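Please look over the sequence and the structure below before reading on.

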Amino acid sequence: YGYATSCPGGPLYAWVRAGAPRPAEKKPTPTLEEALVKKLPVLKKGDRGWDVKTVHYLLLARDCANIDGRDDTVFTTAHEQGVRGLQAAAGITVDGIVGPATWPVLLRIA
């Protein structure tokens with residue numbers, strides 16, 4: 001049994017005619033750590049530079065074998081193997097690439 005009413009009126013009908021869109025979900029504000037990790041480079045075998053040196057010493061701090069005495073500015077096979085071991089131990093994708101999932105593990109923020 002329906003009957004006419006003045007409420008809710010025009011705004012509701014306009015919303016229904018527009019397909020009854022739901023409000024957009026708000027994205028959570030990233031933490032400081034997440035924001036910093038987004039700015040870090042993706043590193044893989046063959047890369048060179050200061051960022052590789054950072055990875056080298058972070059791996060040494062994690063007792064990764066076979067990188068002591070290696071060139072610390074070139075991402076070598078030994079570095080790739082160290083990263084793979086770290087990734088496996090952390091339960092993340094094992095690909096030997098230092099990216100958004102691996103940096104937090106290396107930096108001990110995950």
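## Terms and basis

A residue is called buried when its relative accessible area is under 20%, exposed when over 50%, and partly exposed in between, using a 1.4 Å probe and protein chains only. The model is predicted, so local features need pLDDT of at least 70 and side-chain atom pairs count only at pLDDT 80 or more, while totals for chains, interfaces and linings use all residues. Residues are numbered from 1 along each chain as its sequence is written, and side-chain values use heavy atoms, leaving out hydrogens and water.

## Helix α4 and its ends

Helix α4 covers residues 77–90, where helices are DSSP runs of H or I with at least four residues, numbered from the N terminus. Its 14 residues reach 20 Å from the first C-alpha to the last, close to the 20 Å expected, the expected span being 1.5 Å times one less than the number of residues.

At the N-terminal end, T76 caps α4 through a side-chain oxygen that lies 3.3 Å from the backbone nitrogen of A78. Just after the helix, G91 takes a positive phi of about 75 degrees.

## The buried side and Q87

Buried residues of α4 include A78, H79, V83 and L86, and the buried residues of this helix pack against α3 (50–61) and α5 (103–106). Q87, which is found in α4, is buried, with a relative accessible area of 0%. Leaving aside residues up to four places away in sequence, Q87 touches I92, T93, V94, D95, G96, I97 and T102, contact meaning heavy atoms within 4.5 Å.

Definitions and conventions:
Helix = DSSP H or I, 4+ residues; strand = E, 2+ residues; numbered from the N terminus. Polar contact = N/O pair within 3.5 Å; in protein donor to acceptor, adjacent residues only side chain to side chain.
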